[in-house]
Amino acid sequence: MSRAYDVMAASCPSRTVLHRIGARWTIFVVTALAEREEPMRFTELKTRIQGITPKVLTETLRALADDGFVVRTDRGGHPPHVDYGLTDLGRSLWEPLQAVREWAETHVPDILDARRAAGHPMTSPTRRPGV
């Protein structure tokens, strides 16, 4: 059986999909939305996802909505009331992202040990001196 797409091919559109789901903040936004049954407001997302700037959250939500992972619902009002929730496609992405999250949380000690052994004493896998 042949596959219609091959991510290893430079011109394959599946690379765009992997770029989106592998983007730095995608897993955090999808996780935050998946953890709740009801849609979330922007400020709730920003509070839940520590360290994300409003600009980056806006850009990430817009990109996820454009790709069909997130639905943006404008409920009107003054001030504006906008909710964000996962679409069926977004919910289907949650399962593999949840597995990645669990793997990462399980293996933090292994990564930190490896970095110490490589001469990079630090506490956070996200920060590397000089990188």
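## Helix H2 across the sheet

Helix H2 (residues 26-34) lies across strands E1, E2 and E3 and runs at about 95° to E3. Axes are lines fitted to C-alpha atoms, for helices over the stretch in contact, with angles from 0 to 180 degrees between N-to-C directions; contact means heavy atoms within 4.5 Å. Helices (H or I, at least four residues) and strands (E, at least two) are DSSP runs, numbered from the N terminus. The model is a predicted one, in which local features need pLDDT of at least 70 and side-chain atom pairs count only at pLDDT 80 or more, whereas totals for chains, interfaces and linings use all residues. Residues are numbered from 1 along each chain as its sequence is written, and side-chain values use heavy atoms, with hydrogens and water left out.

H2 is mostly covered, seven of its nine residues being buried. Buried denotes under 20% relative accessible area, exposed over 50%, and partly exposed the range in between (1.4 Å probe, protein chains only). The buried residues of H2 are Thr-26, Ile-27, Val-29, Val-30, Thr-31, Ala-32 and Leu-33.

## The antiparallel sheet

The three strands form an open sheet in the order E1-E3-E2, with antiparallel pairing. Strand E1 (40-41) and strand E2 (70-74) stand at the edges, each with a single partner strand, so one side of each is left without a neighbour in the sheet. Two strands are taken to pair if DSSP finds at least two bridges between them. Strands of a sheet pair through backbone hydrogen bonds, either parallel or antiparallel.

E2 and strand E3 (residues 82-86) are joined in the antiparallel sense over five bridges. Among the residue pairs, Asp-74 has Val-82 of E3 as its bridge partner, and Arg-72 has Tyr-84 of E3. On the E1 side, E1 and E3 pair in the antiparallel sense over two bridges, and Met-40 stands opposite Tyr-84 in E3.

## Burial of strand E3

Five of the five residues of E3 are buried, so this strand is largely enclosed by the rest of the structure. In a regular strand the side chains alternate between the two faces of the sheet. In E3, Val-82, Tyr-84 and Leu-86 point one way, while Asp-83 and Gly-85 point the other way, and all are buried.

## The loop between E2 and E3

Pro-79 is found in the loop between E2 and E3. The peptide bond that joins His-78 and Pro-79 is cis, with omega about 5°. Most residues other than glycine have a negative phi, and most peptide bonds are trans.

## The second largest pocket

The second largest pocket has a volume of about 160 Å³. On a 1 Å grid over the protein atoms alone, a pocket is an open set of points with protein on both sides within 12 Å along at least five of seven lines, and lining residues have an atom within 4 Å of a point. Grid points are joined across faces, edges and corners, and a volume is the space filled by probe spheres set on the points.

The lining consists of Leu-33, Ala-34, Arg-36, Glu-37, Glu-38, Pro-39, Tyr-84, Gly-85, Leu-86, Arg-91 and Trp-94. H2, E3 and helix H5 (88-117) each supply at least two lining residues, and E3 gives the most, with three. By class, the lining has six nonpolar, one polar and four charged residues. Here Ala, Val, Leu, Ile, Met, Phe, Trp, Tyr, Cys and Pro count as nonpolar, Asp, Glu, Lys and Arg as charged, and the others, Gly among them, as polar.

## Accessible positions in helices and loops

Two positions lie in helix H1 (residues 14-21): Leu-18 and Thr-16. Leu-18 is partly exposed, with a relative accessible area of 45%, whereas Thr-16 counts as exposed at 54% relative accessibility. Leu-18 and Val-7 are eleven residues apart in sequence and 8.4 Å apart in space, C-alpha to C-alpha. The C-alpha atoms of Thr-16 and Asp-67, 51 residues apart along the chain, are separated by 10.0 Å.

Arg-48 is found in helix H3 and counts as partly exposed at 42% relative accessibility. Leaving aside residues up to four places away in sequence, Arg-48 touches Ala-32, Glu-35 and Met-40. Gln-50 is placed in the loop between helix H3 (42-48) and helix H4 (54-66), and this residue counts as exposed at 69% relative accessibility. Gln-50 and Val-29 are 21 residues apart in sequence and 11 Å apart in space, C-alpha to C-alpha.

Methods: 1 Å grid on protein atoms, 1.4 Å probe; cavity = no way out; pocket = protein on both sides within 12 Å on 5 of 7 lines; lining within 4 Å.
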